[in-house]
Amino acid sequence: MNAQNARNAQNAQPNAARAAEAAEAAEAAEAAEAAEAAPDGASPSSLADLESRAAAHRARPAYGHDALIACDRLVRIFSADGVEVQALQGLDLLVGEGELMAVVGASGSGKSTLLNILAGLDVPSAGAAKVAGCDLLAMDGKERLRYRREVVGFVWQQTARNLLPYLTAAQNVALPMQLRGRGARKERAARAGELLGMLGLGDARDRRPGQLSGGQQQRVAIAVALANDPSVLLADEPTGELDSATAEQIFAAFRTANQELGTTMVIVTHDQTVANEVRRTVAIRDGRTASEVLRRTEVDASGQESLVAREYAMVDRAGRLQLPQNYVEALGIRHRVMLELEQDHIGVWPDDNGTADTDAE
Ligand SMILES: Nc1ncnc2c1ncn2[C@@H]1O[C@H](COP(=O)(O)OP(=O)(O)OP(=O)(O)O)[C@@H](O)[C@H]1O
Ligand SMILES: [Mg+2]
């Protein structure tokens, strides 16, 4: 890296410690340049060069520094009756502010475990998790309570779990604001009315959950979760108890809230039609993020708009990626593959000695 690049790296880093490191890098790089330019033909100082590269590497922004949700090698181990279950096995996930994304995966893949950690209801065994600047591993009891009240909102699958049966829809929505000590009764009622109106429930405000359909109850639950204007809304199978037409209405409610309020949303679902309605779907396999589908609108030459979906495999920071199970099976891949770096892609071939090796084991 030359001195100018090192200075650019420094400029990109507001953090004082990192800036100091980058400054060191710049000095080292200048020293290296000076040595290179030495008139007596002295050889370039490779040590200074190495030092500058190492310093520049340290000066890179931290993983997920600009994401609202950053899970870094998250591990959660449960022990039950002396048996350990690794529900999360080094899961990486970044979610940007304002995103509406779905998480999918087989039963037992770790989806609820992840959501409970993000909700501040459970603590990971290892790794790091940050949401809206809060370190989920370092919070004490008081901070955790504040986090759950103010930073995140949660919608559960069971409609009955989201609402108090003896309160009206509007009272249910006002309750989290009251618990937080927010505003006067009138203001809370006004905000509850606004949220219910936004989600198409203006007529239902004075009805109790028992007088509402399952789909209406879930939309009230979204309003409850949004009451304190959280940075993040988390939902675990919010449409799991509903038919597909009602599920679509619920998803429309999430989208409306995401667009109107800009709230970041992470929604666990097994409902493929629902997953088709978001721009980003992350699939979890065996406690890790394995692949991701991104959808975007493309306009063809005739001006016709169409939604294009593309599936990507995730690459972790150590460079590991998970091959799709059907590809592995199709080529009979077992322990090893051969890799070849091409100009714009990497070729992956099954190891033709693999069978013999495995048989010999
Ligand atoms: N409290 C617990 N004690 C022991 N094991 C647990 C606990 N909670 C979850 N597990 C185990 O961790 C793994 C992941 O569970 P999790 O509930 O996160 O899966 P999931 O992806 O949400 O599944 P589903 O789609 O069925 O809801 C499973 O093997 C599960 O049995
Ligand atoms: Mg679950």
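In which strand does V155 lie? V155 belongs to strand β6, residues 152-155.

## Model and conventions

This is a predicted model, in which local features need pLDDT of at least 70 and side-chain atom pairs count only at pLDDT 80 or more, while totals for chains, interfaces and linings use all residues. Residues are numbered from 1 along each chain as its sequence is written, and chains are lettered from A and ligands numbered from 1 in the order in which they are written.

The protein has 13 helices and 13 strands; these are DSSP runs numbered from the N terminus, helices being H or I of at least four residues and strands E of at least two. Of its 361 residues, 32% count as buried. A residue is buried if 20 or more other C-beta atoms lie within 10 Å of its own, exposed if 12 or fewer, and partly exposed in between, with C-beta atoms placed from the backbone. Two residues are in contact if their C-beta atoms, placed in that way, lie within 7 Å. Among contacts between residues at least 6 apart in sequence, 61% join residues at least 24 apart.

## Surroundings of V155

V155 counts as buried because it has 26 C-beta neighbours inside 10 Å. Leaving aside residues up to four places away in sequence, V155 touches N162, Q218, A221, I222, A225, A235 and P238. V155 and E237 are 82 residues apart in sequence, yet their C-alpha atoms are 8.4 Å apart in space.

A nonpolar core is a set of buried Ala, Val, Leu, Ile, Met, Phe, Trp, Tyr and Cys residues joined through C-beta atoms within 7 Å. The largest such core has 64 residues, of which L118, V173, L196, I222, A223 and L234 touch the most other members. Helix α9 (residues 214-226) supplies the largest share of this core, 7 residues. With residues up to four places away in sequence not counted, I222 touches V155, L199, A253, F254 and A257.

In helix α7 (residues 169-179), the buried residues are A169, A170, N172, V173, A174, P176 and M177. The cover over these buried residues includes α5 (141-151), α8 (185-198) and α9. After α7 comes G181, with a positive phi near 70°.

Strands β3 (residues 100-104) and β9 (residues 280-285) pair in the parallel sense over 4 bridges, and V103 stands opposite V282 in β9. β9 and β10 run antiparallel and are joined by 6 bridges; here V282 has E292 in β10 as its bridge partner. The hairpin of β9 and β10 has 2 residues between the strands, and D286 takes a positive phi near 50°.

Strand β10 (residues 288-299) pairs with β11 in the antiparallel sense over 9 bridges. Within this pair, L294 stands opposite R310 and V299 has E305 as its bridge partner. The hairpin of β10 and β11 has 5 residues between the strands, with G303 in the turn at a positive phi of about 85°.

## The shell around ligand 1

The residues around ligand 1 are F78, A80, V85, A87, G105, S107, G108, S109, G110, K111, S112 and T113; a residue is near a molecule if its C-beta atom, placed from the backbone, lies within 6 Å of it. By class, this shell has 4 nonpolar, 7 polar and 1 charged residues. Ala, Val, Leu, Ile, Met, Phe, Trp, Tyr, Cys and Pro count as nonpolar, Asp, Glu, Lys and Arg as charged, and the others, Gly among them, as polar.

β1 (69-80), β2 (83-95) and α4 (111-118) each supply at least two residues of the shell. The largest share, 3 residues, comes from α4.

Note on methods:
Two strands pair if DSSP finds at least two bridges between them.
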